[in-house]
Each structure stands twice: as structure tokens, then as C-alpha cells.
Amino acid sequence: MPHRPMSREQPWLLPPSLDEVVPADHPRALLSVWVYGFMTGVRSSRKLEAACREQLPYLWLTGCQTPDHMTLWRFYAAHRAGMRHLFTRTVRTAIAMHLVDWAVQTVDGTKVGANVAGARTYDAAGLRRMLGRVQAAIDDLEAQHAAGDAAATARLPQALAYRRTLRAQVRAAVSTLDRPAVSKLINLTDPDARLMKTRQGLRPAYAAQATVAPVARSGDGSGRPITAVAVVDAPCDAAQLRPMLAQAEAATGGLCCQPTGPQLPALPHPHAF
């Protein structure tokens, strides 16, 4: 992607062609769209595309460009690691400005439903029964094909491919459930999802975790910099406290570091609570 410089303060002497102001795939413009989207709760590439057409803050950020959702998504996919690094830099900047209050670190989680059907969740016995049915269907289709059944021949290749793919999925799921220390249930569509109690009932889901700290000098208590995030497949949050605090410490460069400038009173390490 080109690194063409851009300025939002240059007055327009003549009506320009918007395509010449800033390229639609300009990295700095796309990065500003994603960062502002994260800050304002607009995190879908399609919603960001609409915002870049309709909302003045986004039009200002992009120099009146309107990138489509595929351009935005390709940028995010290509720079996912860099976005995580940017997240770490923002946290460390907040520390250097004495904005993060280390006296309180709050860890909490929420269940996020997987994009799968709960009916495709099976235990080992259910998978073996399904495997038997799938194998019987494959044997029947192969027999029809070998006998030259003209009525079924047109559909046989697609039907066989589907059954063979399903057989491979079921075999892989059975192999996973046979391993020790693994959940006794597995979803064929998303084997990493686990059955969890959510507001919509028991369904395949993930547990999203976040660690936040209050702004040190915020009089009204608003503003909570995120110091760590994770998505896990453990239904219980209890075991996530130590890993999340360790991740927060790694993201901030260590709790023992002292930023330059006026020093704040020493605060107890959050592990002591």
C-alpha cells in the first residue's frame, strides 16, 4: 500500500477530485478509521464502510474517501499484529502520562456465542452412531454408482463428496474426544467452541476476557484503559485471573517500571489483593 502523505488542514483552492486527495487504500487513513471505530464501538467492516460515507468524523479522518468493507477488512487482516502492537503502545503511553491507576485492576468476562448450531454438538457415543450412519450412506451411494444407476448418477459425485467430508469431520471429532482432559462434548462446525451457559441458554460459545484500570485522575470515574484482552474456551472465569494479570503486566512493560516526570506514591502490586 502507498505511504502518501496527507494533511487535513490544507484548504481547497479549487474543487478537487476526491480520488486524488487520498488513495482509498491509504494505510494511515484506514488505520485511523479502525482506531476510531474501536473507540466508538463500531467494529464491523460493513458498519465502518457506512460510517465513512455518512458520518463527518470518519469523512474528516479519511479526507472524504469512502473505502469499502473489503478494503477495510484486507487492511485489518494484513496488519493484525501491528494493531496489537499499537494497543500495547497506547497502554504504555497512558502509563507514561500517569493515567493508569495500578491500585485497581478489574478482570471480567462475558460469553460470546459461536456462529454454529447447537444441534451439531455431540458426545462420543453420538458421534460413533453418526459415523455408522454416514458410512452406511457412503456404501449405498458407492454401490449405486458401481451398478450404473442412471437415475442417481447425476447426483452421486456431490452426494459422495459431502458424505466423505462429513465422515472425515466425525472421525476427527471422535479422535479429539478420545484424548484425556478434553471436553466430553464437541461441535462439528466449530470444534473449539464449548457449551456454556449464556443469556440465550446453553449453547456453544467462547469466553471473552478483559482487564481494565481506572483513569488515575478522572474525577467522575469515567475512562477505563484496557490493559489485556483474551478469548478462551473455558466456561469458568476463575482460572483467568492470573493469566490476565500477567498479560496486563506484559502489555504495560512491567508494573515495577517508573515513568519519567512527577512521581506518584508507590502502589501495591495487584497480585497482593
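Which residues are buried in H7? In this predicted model, they are Gly126, Leu127, Met130, Val134, Ile138 and Leu141, where buried means under 20% relative accessible area, exposed over 50%, and partly exposed in between (1.4 Å probe, protein chains only).

## Ground rules

Residues are numbered from 1 along each chain as its sequence is written, and side-chain values use heavy atoms, with hydrogens and water left out. Because the model is predicted, local features need pLDDT of at least 70 and side-chain atom pairs count only at pLDDT 80 or more, while totals for chains, interfaces and linings use all residues.

## The overall fold

Of its 273 residues, 32% count as buried. Among contacts (heavy atoms within 4.5 Å) between residues at least 6 apart in sequence, 61% join residues at least 24 apart.

## Helix H7

Back to the helix of the opening question. H7 covers residues 124–147, which makes 24 residues. The expected span of a helix is 1.5 Å times one less than its number of residues, so H7 should span 34 Å; its end C-alpha atoms are 35 Å apart, which agrees.

As for the spacing of residues along such an element, an α-helix has 3.6 residues a turn, so residues three or four places apart point the same way.

## Aromatic pairs around tryptophan 34

Rings of Phe, Tyr and Trp (its six-membered ring) pair if their centres lie within 6.5 Å; planes under 30 degrees apart count as stacked, over 60 as edge-to-face and the rest as tilted. By this rule there are five aromatic pairs. One of them joins tryptophan 34 to phenylalanine 38, a tilted pair with 5.8 Å from centre to centre and 40° between the planes. Both residues belong to helix H2 (residues 27–40), where they sit four residues apart, about one turn of the helix. Tryptophan 34 is buried, with a relative accessible area of 3%, whereas phenylalanine 38 counts as partly exposed at 32% relative accessibility.

Tryptophan 34 also pairs with tyrosine 76; this pair is tilted too, at 4.8 Å centre to centre and 35° between the planes. Here the link is between distant parts of the chain, since tryptophan 34 is in helix H2 and tyrosine 76 is in helix H5 (residues 69–78), 42 residues apart. Tyrosine 76 is buried, as is tryptophan 34. Ring pairs gather Trp34, Phe38, Trp73 and Tyr76 into a cluster.

## Loops beside the helices

The loop between H2 and helix H3 (45–54) holds valine 42. At 17% relative accessibility, valine 42 counts as buried. Leaving aside residues up to four places away in sequence, valine 42 touches Gly37, Lys47, Leu48 and Tyr58.

Two residues are worth a look in the loop between H4 and H5, where cysteine 64 lies and where glutamine 65 is also found, H4 being residues 56–62. Cysteine 64 has a phi near 70°, a positive value in a residue other than glycine, and counts as partly exposed at 30% relative accessibility. Glutamine 65 counts as buried at 7%.

## Pocket and cavities

On a 1 Å grid over the protein atoms alone, a cavity is a set of points where a 1.4 Å probe fits but cannot get out, and a pocket is an open set with protein on both sides within 12 Å along at least five of seven lines; lining residues have an atom within 4 Å of a point. Grid points are joined across faces, edges and corners, and a volume is the space filled by probe spheres set on the points.

The largest pocket holds about 1,300 Å³ of space. It has 29 lining residues, and the closest to its centre are Phe38, Arg43, Phe87, Ile226 and Val229. H6 gives the most to this lining, with eight residues.
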